[in-house]
Amino acid sequence: MSESQSFRAPKGIPDYLPPDSAQFVAVRDGLLAAARLAGYGDVELPIFEETALFARGVGESTDVVSKEMYTFADRGERSVTLRPEGTAGVMRAVIEHGLDRGALPVKLCYSGPFFRYERPQAGRYRQLQQVGVEAIGVDDPALDAEVIAIADAGFRSLGLDGFRLEITSLGDDSCRPAYRELLQEFLFGLDLDEVTRARAQINPLRVLDDKRPEIKEMTAEAPLMLDHLSEDAKEHFDSVLGYLDALAVPYVINPRMVRGLDYYTKTTFEFVHDGLGAQSGIGGGGRYDGLMSQLGGQDLSGIGFGLGVDRTMLALKAEGKTVGSPARVDVFCVPLGEQAKLALVKVAASLRSSGVRVDLAYGDRGVKGAMRAADRSGATLALVAGDRDIEAGTIGVKNLSTGEQVDVAADTVVAEVISRFG
Ligand code: HAM
(Lines give C-alpha, C1' and ligand atoms only; values in the text may rest on other atoms or scores of the structure.)
Protein backbone atom coordinates (compact mmCIF):
# COMPACT_ATOMS: atom_id res chain seq x y z
CA MET A 1 0.00 0.00 0.00
CA SER A 2 1.54 3.32 -1.02
CA GLU A 3 1.67 6.09 1.52
CA SER A 4 -0.17 8.47 -0.76
CA GLN A 5 -3.17 6.14 -1.13
CA SER A 6 -6.40 8.08 -0.77
CA PHE A 7 -9.54 6.72 0.84
CA ARG A 8 -13.14 6.81 -0.23
CA ALA A 9 -16.35 6.26 1.73
CA PRO A 10 -17.58 2.65 1.65
CA LYS A 11 -19.61 1.81 -1.47
CA GLY A 12 -23.22 2.93 -1.41
CA ILE A 13 -22.91 5.23 1.59
CA PRO A 14 -23.45 8.96 1.27
CA ASP A 15 -21.46 11.63 3.13
CA TYR A 16 -23.49 14.72 4.01
CA LEU A 17 -21.37 17.87 3.96
CA PRO A 18 -22.21 21.57 4.18
CA PRO A 19 -24.38 23.00 2.75
CA ASP A 20 -26.43 19.77 2.21
CA SER A 21 -25.87 18.67 5.81
CA ALA A 22 -28.03 21.61 6.98
CA GLN A 23 -30.83 20.14 4.90
CA PHE A 24 -30.16 16.70 6.42
CA VAL A 25 -30.55 18.07 9.95
CA ALA A 26 -33.67 20.06 9.02
CA VAL A 27 -35.27 16.98 7.44
CA ARG A 28 -34.40 14.69 10.34
CA ASP A 29 -35.73 17.14 12.93
CA GLY A 30 -38.72 18.24 10.84
CA LEU A 31 -39.92 14.69 10.30
CA LEU A 32 -40.13 14.11 14.05
CA ALA A 33 -41.54 17.50 15.11
CA ALA A 34 -45.13 16.27 15.01
CA ALA A 35 -44.19 13.19 17.09
CA ARG A 36 -42.74 15.38 19.82
CA LEU A 37 -46.00 17.36 19.89
CA ALA A 38 -47.81 14.08 20.50
CA GLY A 39 -45.74 12.92 23.47
CA TYR A 40 -43.22 10.56 21.89
CA GLY A 41 -39.99 10.37 23.91
CA ASP A 42 -36.54 9.86 22.40
CA VAL A 43 -34.64 6.60 22.61
CA GLU A 44 -30.98 6.12 21.74
CA LEU A 45 -30.31 2.44 21.16
CA PRO A 46 -27.34 0.32 20.10
CA ILE A 47 -26.31 0.39 16.45
CA PHE A 48 -25.71 -3.35 16.69
CA GLU A 49 -27.59 -6.10 18.48
CA GLU A 50 -27.46 -9.84 18.88
CA THR A 51 -28.10 -11.32 15.41
CA ALA A 52 -30.94 -13.55 16.64
CA LEU A 53 -33.01 -10.48 17.56
CA PHE A 54 -33.35 -9.49 13.91
CA ALA A 55 -33.68 -13.05 12.64
CA ARG A 56 -36.59 -13.64 15.02
CA GLY A 57 -38.06 -10.13 14.89
CA VAL A 58 -37.82 -9.21 11.22
CA GLY A 59 -38.18 -12.76 9.87
CA GLU A 60 -35.71 -15.35 8.50
CA SER A 61 -37.36 -15.45 5.08
CA THR A 62 -37.17 -11.71 4.40
CA ASP A 63 -34.51 -10.33 2.04
CA VAL A 64 -33.44 -8.02 4.85
CA VAL A 65 -32.46 -10.94 7.09
CA SER A 66 -31.46 -13.56 4.53
CA LYS A 67 -29.40 -11.36 2.18
CA GLU A 68 -28.79 -7.90 3.51
CA MET A 69 -27.53 -8.02 7.08
CA TYR A 70 -24.11 -6.84 8.15
CA THR A 71 -23.40 -9.74 10.48
CA PHE A 72 -20.06 -10.51 12.07
CA ALA A 73 -18.53 -12.25 15.08
CA ASP A 74 -17.14 -9.82 17.63
CA ARG A 75 -13.91 -10.49 19.47
CA GLY A 76 -15.81 -12.58 21.98
CA GLU A 77 -17.18 -14.78 19.16
CA ARG A 78 -20.72 -13.46 19.61
CA SER A 79 -22.70 -13.04 16.40
CA VAL A 80 -23.80 -9.42 16.17
CA THR A 81 -25.55 -7.49 13.40
CA LEU A 82 -25.60 -3.80 12.49
CA ARG A 83 -29.26 -2.89 12.89
CA PRO A 84 -31.12 -3.14 9.56
CA GLU A 85 -34.21 -1.44 11.04
CA GLY A 86 -35.39 0.05 14.31
CA THR A 87 -38.48 -1.75 15.53
CA ALA A 88 -36.87 -4.97 16.80
CA GLY A 89 -34.32 -3.04 18.88
CA VAL A 90 -37.01 -0.79 20.36
CA MET A 91 -39.06 -3.84 21.38
CA ARG A 92 -35.98 -5.47 22.90
CA ALA A 93 -35.31 -2.35 24.98
CA VAL A 94 -38.96 -1.96 26.04
CA ILE A 95 -39.05 -5.58 27.25
CA GLU A 96 -35.59 -5.45 28.86
CA HIS A 97 -36.36 -2.28 30.84
CA GLY A 98 -39.96 -3.18 31.67
CA LEU A 99 -41.49 -0.12 30.00
CA ASP A 100 -44.37 -2.37 29.00
CA ARG A 101 -45.27 -2.68 32.71
CA GLY A 102 -45.82 1.07 33.02
CA ALA A 103 -48.37 3.42 31.46
CA LEU A 104 -49.56 2.39 28.02
CA PRO A 105 -49.13 3.16 25.23
CA VAL A 106 -45.36 3.50 25.42
CA LYS A 107 -44.60 6.18 22.82
CA LEU A 108 -41.04 6.35 21.55
CA CYS A 109 -39.16 7.99 18.69
CA TYR A 110 -35.66 7.69 17.28
CA SER A 111 -33.39 8.72 14.44
CA GLY A 112 -30.12 7.38 13.15
CA PRO A 113 -28.31 5.11 10.73
CA PHE A 114 -29.43 1.63 9.69
CA PHE A 115 -27.51 -0.85 7.57
CA ARG A 116 -28.58 -3.07 4.70
CA TYR A 117 -26.22 -4.75 2.27
CA GLU A 118 -28.32 -3.94 -0.78
CA ARG A 119 -27.14 -3.28 -4.33
CA PRO A 120 -26.44 0.46 -4.25
CA GLN A 121 -28.42 2.60 -6.67
CA ALA A 122 -30.04 6.03 -6.67
CA GLY A 123 -31.87 6.35 -3.35
CA ARG A 124 -30.74 2.94 -2.11
CA TYR A 125 -27.85 3.03 0.31
CA ARG A 126 -26.06 0.53 2.50
CA GLN A 127 -26.11 2.95 5.38
CA LEU A 128 -29.50 4.61 5.37
CA GLN A 129 -30.87 7.18 7.74
CA GLN A 130 -34.32 6.89 9.25
CA VAL A 131 -36.48 8.58 11.78
CA GLY A 132 -39.09 6.38 13.41
CA VAL A 133 -41.79 6.19 16.03
CA GLU A 134 -43.28 3.22 17.88
CA ALA A 135 -46.47 3.27 19.98
CA ILE A 136 -46.69 0.10 22.01
CA GLY A 137 -49.36 -1.57 24.09
CA VAL A 138 -52.73 -0.20 22.95
CA ASP A 139 -54.70 -1.68 20.09
CA ASP A 140 -56.77 1.35 19.13
CA PRO A 141 -57.41 2.41 15.51
CA ALA A 142 -57.17 6.05 16.61
CA LEU A 143 -53.53 5.37 17.53
CA ASP A 144 -52.88 3.93 14.06
CA ALA A 145 -54.29 7.15 12.63
CA GLU A 146 -52.15 9.26 14.97
CA VAL A 147 -48.97 7.51 13.83
CA ILE A 148 -49.87 7.87 10.15
CA ALA A 149 -50.90 11.52 10.58
CA ILE A 150 -47.55 12.29 12.27
CA ALA A 151 -45.67 10.97 9.25
CA ASP A 152 -47.95 12.85 6.86
CA ALA A 153 -47.49 16.07 8.87
CA GLY A 154 -43.72 15.54 8.93
CA PHE A 155 -43.44 15.37 5.15
CA ARG A 156 -45.80 18.32 4.67
CA SER A 157 -43.96 20.47 7.22
CA LEU A 158 -40.93 20.26 4.92
CA GLY A 159 -43.00 21.53 1.99
CA LEU A 160 -43.32 18.16 0.24
CA ASP A 161 -46.55 17.52 -1.60
CA GLY A 162 -45.74 15.11 -4.44
CA PHE A 163 -46.29 11.97 -2.37
CA ARG A 164 -49.18 9.69 -1.59
CA LEU A 165 -50.05 7.50 1.35
CA GLU A 166 -50.90 3.92 0.40
CA ILE A 167 -52.63 1.82 3.00
CA THR A 168 -54.00 -1.66 3.47
CA SER A 169 -54.68 -4.28 6.12
CA LEU A 170 -52.65 -7.48 6.27
CA GLY A 171 -55.16 -9.10 8.62
CA ASP A 172 -54.21 -10.99 11.74
CA ASP A 173 -53.71 -14.52 13.05
CA SER A 174 -57.39 -15.27 12.78
CA CYS A 175 -57.67 -14.65 9.02
CA ARG A 176 -54.21 -14.58 7.47
CA PRO A 177 -53.43 -18.32 7.56
CA ALA A 178 -56.64 -19.20 5.71
CA TYR A 179 -56.05 -16.39 3.21
CA ARG A 180 -52.48 -17.52 2.66
CA GLU A 181 -53.72 -21.01 1.77
CA LEU A 182 -56.32 -19.58 -0.57
CA LEU A 183 -53.71 -17.44 -2.31
CA GLN A 184 -51.28 -20.33 -2.59
CA GLU A 185 -53.98 -22.51 -4.08
CA PHE A 186 -54.60 -19.79 -6.67
CA LEU A 187 -50.88 -19.29 -7.39
CA PHE A 188 -50.11 -23.00 -7.72
CA GLY A 189 -52.84 -23.18 -10.36
CA LEU A 190 -50.86 -20.73 -12.54
CA ASP A 191 -48.09 -21.49 -15.00
CA LEU A 192 -45.35 -19.87 -12.95
CA ASP A 193 -41.58 -20.16 -13.47
CA GLU A 194 -39.62 -22.08 -10.87
CA VAL A 195 -38.31 -19.08 -8.91
CA THR A 196 -41.74 -17.50 -8.65
CA ARG A 197 -43.24 -20.82 -7.64
CA ALA A 198 -40.69 -21.11 -4.85
CA ARG A 199 -41.57 -17.58 -3.76
CA ALA A 200 -45.24 -18.54 -3.72
CA GLN A 201 -44.30 -21.36 -1.37
CA ILE A 202 -42.38 -19.18 1.09
CA ASN A 203 -44.09 -15.80 0.87
CA PRO A 204 -47.07 -15.89 -1.52
CA LEU A 205 -47.94 -12.24 -0.86
CA ARG A 206 -44.74 -11.17 -2.55
CA VAL A 207 -45.90 -12.67 -5.83
CA LEU A 208 -48.72 -10.12 -5.84
CA ASP A 209 -46.09 -7.37 -5.75
CA ASP A 210 -44.20 -8.77 -8.78
CA LYS A 211 -43.63 -5.93 -11.26
CA ARG A 212 -43.28 -8.12 -14.39
CA PRO A 213 -46.26 -7.54 -16.75
CA GLU A 214 -46.86 -11.27 -17.40
CA ILE A 215 -47.04 -12.03 -13.67
CA LYS A 216 -49.21 -8.97 -13.09
CA GLU A 217 -51.60 -10.20 -15.74
CA MET A 218 -51.72 -13.73 -14.35
CA THR A 219 -52.38 -12.51 -10.81
CA ALA A 220 -54.92 -9.84 -11.75
CA GLU A 221 -57.74 -11.98 -10.39
CA ALA A 222 -55.88 -13.30 -7.34
CA PRO A 223 -57.78 -13.28 -4.05
CA LEU A 224 -56.85 -10.25 -1.90
CA MET A 225 -56.36 -10.12 1.87
CA LEU A 226 -58.65 -7.12 2.11
CA ASP A 227 -61.57 -9.24 0.87
CA HIS A 228 -60.85 -11.96 3.45
CA LEU A 229 -60.34 -10.00 6.66
CA SER A 230 -61.80 -11.27 9.92
CA GLU A 231 -64.67 -9.24 11.35
CA ASP A 232 -62.30 -7.70 13.91
CA ALA A 233 -59.57 -6.80 11.40
CA LYS A 234 -62.11 -5.32 9.00
CA GLU A 235 -63.69 -3.21 11.71
CA HIS A 236 -60.23 -2.02 12.78
CA PHE A 237 -59.28 -1.08 9.22
CA ASP A 238 -62.54 0.78 8.54
CA SER A 239 -62.12 2.65 11.78
CA VAL A 240 -58.53 3.70 10.90
CA LEU A 241 -59.78 5.04 7.56
CA GLY A 242 -62.56 6.91 9.37
CA TYR A 243 -60.03 8.62 11.63
CA LEU A 244 -57.80 9.49 8.67
CA ASP A 245 -60.82 11.07 6.94
CA ALA A 246 -61.57 13.03 10.11
CA LEU A 247 -57.94 14.21 10.23
CA ALA A 248 -58.07 15.08 6.50
CA VAL A 249 -55.10 12.81 5.77
CA PRO A 250 -55.48 11.70 2.15
CA TYR A 251 -54.78 8.02 1.30
CA VAL A 252 -55.26 5.44 -1.40
CA ILE A 253 -56.01 1.83 -0.58
CA ASN A 254 -53.46 -0.52 -2.13
CA PRO A 255 -54.59 -4.09 -1.43
CA ARG A 256 -51.44 -5.47 -3.11
CA MET A 257 -48.95 -3.74 -0.87
CA VAL A 258 -46.11 -5.93 0.30
CA ARG A 259 -43.65 -4.85 2.98
CA GLY A 260 -40.13 -6.22 3.27
CA LEU A 261 -40.45 -7.13 6.96
CA ASP A 262 -42.45 -10.05 8.37
CA TYR A 263 -43.90 -8.60 11.54
CA TYR A 264 -46.80 -6.62 10.13
CA THR A 265 -50.42 -7.29 11.06
CA LYS A 266 -53.58 -5.32 10.31
CA THR A 267 -52.86 -1.68 9.31
CA THR A 268 -49.88 -1.39 6.98
CA PHE A 269 -48.87 1.67 5.00
CA GLU A 270 -46.30 3.27 2.77
CA PHE A 271 -45.54 6.80 1.64
CA VAL A 272 -44.61 6.81 -2.03
CA HIS A 273 -43.01 9.65 -4.00
CA ASP A 274 -43.19 9.61 -7.78
CA GLY A 275 -40.14 11.80 -8.34
CA LEU A 276 -37.66 9.18 -7.14
CA GLY A 277 -37.61 6.44 -9.78
CA ALA A 278 -37.47 2.83 -8.61
CA GLN A 279 -36.75 3.57 -4.94
CA SER A 280 -39.97 5.47 -4.42
CA GLY A 281 -40.75 4.56 -0.79
CA ILE A 282 -40.02 7.56 1.42
CA GLY A 283 -41.50 5.93 4.51
CA GLY A 284 -43.47 2.96 5.72
CA GLY A 285 -44.86 1.24 8.75
CA GLY A 286 -47.75 -0.55 10.30
CA ARG A 287 -49.03 -2.62 13.17
CA TYR A 288 -46.99 -5.50 14.59
CA ASP A 289 -49.26 -7.07 17.17
CA GLY A 290 -47.36 -10.35 17.52
CA LEU A 291 -43.83 -8.98 17.69
CA MET A 292 -43.44 -8.40 21.40
CA SER A 293 -44.50 -11.90 22.41
CA GLN A 294 -42.32 -13.32 19.65
CA LEU A 295 -39.35 -11.57 21.24
CA GLY A 296 -40.11 -13.01 24.64
CA GLY A 297 -42.24 -10.21 26.06
CA GLN A 298 -45.90 -9.88 26.91
CA ASP A 299 -48.54 -10.19 24.26
CA LEU A 300 -48.88 -6.47 23.54
CA SER A 301 -49.72 -4.75 20.28
CA GLY A 302 -47.67 -2.04 18.57
CA ILE A 303 -47.66 0.33 15.63
CA GLY A 304 -44.98 2.57 14.15
CA PHE A 305 -43.20 3.89 11.11
CA GLY A 306 -39.75 4.45 9.68
CA LEU A 307 -39.21 7.40 7.34
CA GLY A 308 -36.18 7.58 5.07
CA VAL A 309 -34.21 10.78 5.66
CA ASP A 310 -31.99 10.25 2.59
CA ARG A 311 -34.96 9.64 0.32
CA THR A 312 -36.90 12.58 1.77
CA MET A 313 -33.93 14.77 0.81
CA LEU A 314 -34.05 13.35 -2.72
CA ALA A 315 -37.81 13.97 -2.83
CA LEU A 316 -37.26 17.61 -1.83
CA LYS A 317 -34.67 17.92 -4.57
CA ALA A 318 -37.08 16.38 -7.09
CA GLU A 319 -39.66 18.98 -6.10
CA GLY A 320 -37.07 21.77 -6.32
CA LYS A 321 -37.39 22.63 -2.64
CA THR A 322 -34.83 23.26 0.06
CA VAL A 323 -35.09 23.36 3.83
CA GLY A 324 -32.60 24.34 6.52
CA SER A 325 -30.05 27.14 6.37
CA PRO A 326 -26.39 26.29 5.88
CA ALA A 327 -24.08 27.36 8.68
CA ARG A 328 -23.22 31.05 8.34
CA VAL A 329 -22.12 33.79 10.67
CA ASP A 330 -23.33 37.31 11.46
CA VAL A 331 -19.94 38.83 12.21
CA PHE A 332 -16.48 38.18 10.77
CA CYS A 333 -13.40 39.40 12.64
CA VAL A 334 -10.35 40.56 10.68
CA PRO A 335 -7.31 41.03 12.95
CA LEU A 336 -4.17 42.53 11.43
CA GLY A 337 -1.38 41.83 13.90
CA GLU A 338 -0.80 39.81 17.05
CA GLN A 339 -2.30 42.27 19.55
CA ALA A 340 -5.34 42.79 17.34
CA LYS A 341 -5.79 39.05 17.08
CA LEU A 342 -5.75 38.61 20.84
CA ALA A 343 -8.29 41.42 21.24
CA LEU A 344 -10.62 40.12 18.51
CA VAL A 345 -10.40 36.51 19.75
CA LYS A 346 -11.79 37.84 23.05
CA VAL A 347 -14.46 39.97 21.34
CA ALA A 348 -15.55 36.93 19.28
CA ALA A 349 -15.88 34.82 22.42
CA SER A 350 -18.02 37.46 24.20
CA LEU A 351 -20.26 37.90 21.18
CA ARG A 352 -20.74 34.13 20.81
CA SER A 353 -21.68 33.83 24.47
CA SER A 354 -24.43 36.39 23.74
CA GLY A 355 -25.69 34.25 20.87
CA VAL A 356 -24.13 36.20 17.98
CA ARG A 357 -22.60 33.94 15.33
CA VAL A 358 -18.97 34.97 14.82
CA ASP A 359 -16.01 33.70 12.83
CA LEU A 360 -12.48 35.03 12.59
CA ALA A 361 -9.80 35.16 9.88
CA TYR A 362 -7.27 32.61 11.10
CA GLY A 363 -3.86 32.06 9.61
CA ASP A 364 -2.63 35.66 9.22
CA ARG A 365 -3.47 35.79 5.52
CA GLY A 366 -3.18 39.56 5.08
CA VAL A 367 -5.96 42.06 4.71
CA LYS A 368 -7.03 41.09 1.17
CA GLY A 369 -7.41 37.40 1.88
CA ALA A 370 -9.11 38.12 5.19
CA MET A 371 -11.66 40.48 3.61
CA ARG A 372 -12.38 37.90 0.90
CA ALA A 373 -13.05 35.35 3.65
CA ALA A 374 -15.32 37.90 5.36
CA ASP A 375 -17.38 38.31 2.17
CA ARG A 376 -17.60 34.54 1.62
CA SER A 377 -18.74 33.96 5.20
CA GLY A 378 -22.13 35.57 4.59
CA ALA A 379 -21.62 37.86 7.60
CA THR A 380 -23.28 41.27 7.59
CA LEU A 381 -20.59 42.95 9.71
CA ALA A 382 -16.82 42.72 9.83
CA LEU A 383 -14.78 43.85 12.84
CA VAL A 384 -11.45 45.09 11.49
CA ALA A 385 -8.50 46.11 13.66
CA GLY A 386 -4.70 46.38 13.46
CA ASP A 387 -2.32 46.53 16.41
CA ARG A 388 -2.30 50.32 16.22
CA ASP A 389 -6.09 50.52 16.44
CA ILE A 390 -6.00 48.35 19.54
CA GLU A 391 -3.34 50.57 21.08
CA ALA A 392 -5.59 53.55 20.31
CA GLY A 393 -8.55 51.64 21.81
CA THR A 394 -10.71 51.35 18.67
CA ILE A 395 -12.11 48.63 16.41
CA GLY A 396 -13.52 49.26 12.93
CA VAL A 397 -17.08 48.04 12.37
CA LYS A 398 -17.67 47.53 8.66
CA ASN A 399 -21.06 46.96 7.06
CA LEU A 400 -20.23 44.30 4.48
CA SER A 401 -23.11 45.10 2.16
CA THR A 402 -22.62 48.89 1.96
CA GLY A 403 -18.88 48.96 2.65
CA GLU A 404 -19.42 51.72 5.22
CA GLN A 405 -17.00 51.57 8.17
CA VAL A 406 -17.03 53.38 11.53
CA ASP A 407 -14.55 53.23 14.40
CA VAL A 408 -16.00 52.15 17.73
CA ALA A 409 -14.32 52.22 21.16
CA ALA A 410 -12.93 48.71 21.77
CA ASP A 411 -14.59 48.40 25.17
CA THR A 412 -18.05 49.14 23.73
CA VAL A 413 -17.79 47.11 20.50
CA VAL A 414 -19.52 44.03 21.96
CA ALA A 415 -22.50 46.10 23.13
CA GLU A 416 -22.57 47.99 19.82
CA VAL A 417 -22.67 44.78 17.74
CA ILE A 418 -25.28 43.15 20.00
CA SER A 419 -27.50 46.23 19.64
CA ARG A 420 -27.25 45.98 15.83
CA PHE A 421 -28.54 42.39 15.97
CA GLY A 422 -31.37 43.26 18.30
P1 HAM B 1 -38.81 -0.02 5.89
O2 HAM B 1 -39.95 0.17 4.93
O3 HAM B 1 -37.95 -1.19 5.66
O4 HAM B 1 -39.45 -0.06 7.34
O5 HAM B 1 -37.92 1.29 5.87
C6 HAM B 1 -38.47 2.55 6.10
C7 HAM B 1 -37.92 3.57 5.12
O8 HAM B 1 -36.50 3.60 5.17
C9 HAM B 1 -38.24 3.28 3.66
O10 HAM B 1 -39.54 3.72 3.30
C11 HAM B 1 -37.17 4.07 2.95
O12 HAM B 1 -37.56 5.43 2.84
C13 HAM B 1 -36.00 3.98 3.90
N14 HAM B 1 -35.05 2.96 3.41
C15 HAM B 1 -35.11 1.63 3.57
N16 HAM B 1 -34.07 1.02 2.98
C17 HAM B 1 -33.33 2.00 2.41
C18 HAM B 1 -32.09 2.03 1.66
N19 HAM B 1 -31.41 0.93 1.39
N20 HAM B 1 -31.62 3.24 1.27
C21 HAM B 1 -32.29 4.38 1.56
N22 HAM B 1 -33.42 4.41 2.27
C23 HAM B 1 -33.95 3.24 2.69
C24 HAM B 1 -38.75 -0.23 8.49
O25 HAM B 1 -37.56 -0.17 8.58
C26 HAM B 1 -39.63 -0.44 9.70
N27 HAM B 1 -38.77 -0.63 10.89
C28 HAM B 1 -40.57 0.72 9.87
C29 HAM B 1 -41.50 0.51 11.02
C30 HAM B 1 -41.36 1.03 12.27
N31 HAM B 1 -42.57 -0.26 11.03
C32 HAM B 1 -43.14 -0.23 12.25
N33 HAM B 1 -42.42 0.54 13.00
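This is a predicted model: local features need pLDDT of at least 70, side-chain atom pairs count only at pLDDT 80 or more; totals for chains, interfaces and linings use all residues.
Residues are numbered from 1 along each chain as its sequence is written. Local features need pLDDT of at least 70, side-chain atom pairs count only at pLDDT 80 or more, and totals for chains, interfaces and linings use all residues, while side-chain values use heavy atoms, without hydrogens or water.

Biologist: How many residues of helix α2 are buried?

Modeller: Helices are DSSP runs of H or I with at least four residues, and strands are runs of E with at least two, numbered from the N terminus. Buried means under 20% relative accessible area, exposed over 50% and partly exposed in between, with a 1.4 Å probe and protein chains only. Helix α2 spans residues 51-58 and is mostly covered. Its buried count is 6 of 8 residues.

Biologist: Which residues of α2 are buried?

Modeller: The cover over the buried residues of α2 includes β2 (48-50), α3 (63-67) and α11 (291-294), where contact means heavy atoms within 4.5 Å. The buried residues are Thr 51, Leu 53, Phe 54, Ala 55, Gly 57 and Val 58.

Biologist: Is Phe 163 buried or exposed?

Modeller: Phe 163 lies in strand β7 (residues 163-169). Phe 163 touches residues including Asp 152, Phe 271 and Ile 282, not counting residues up to four places away in sequence. Because its relative accessibility is 9%, Phe 163 counts as buried.

Biologist: How far apart in space are Phe 163 and Asp 274?

Modeller: In sequence, Phe 163 and Asp 274 are 111 residues apart. From C-alpha to C-alpha, their separation in space is 6.7 Å.
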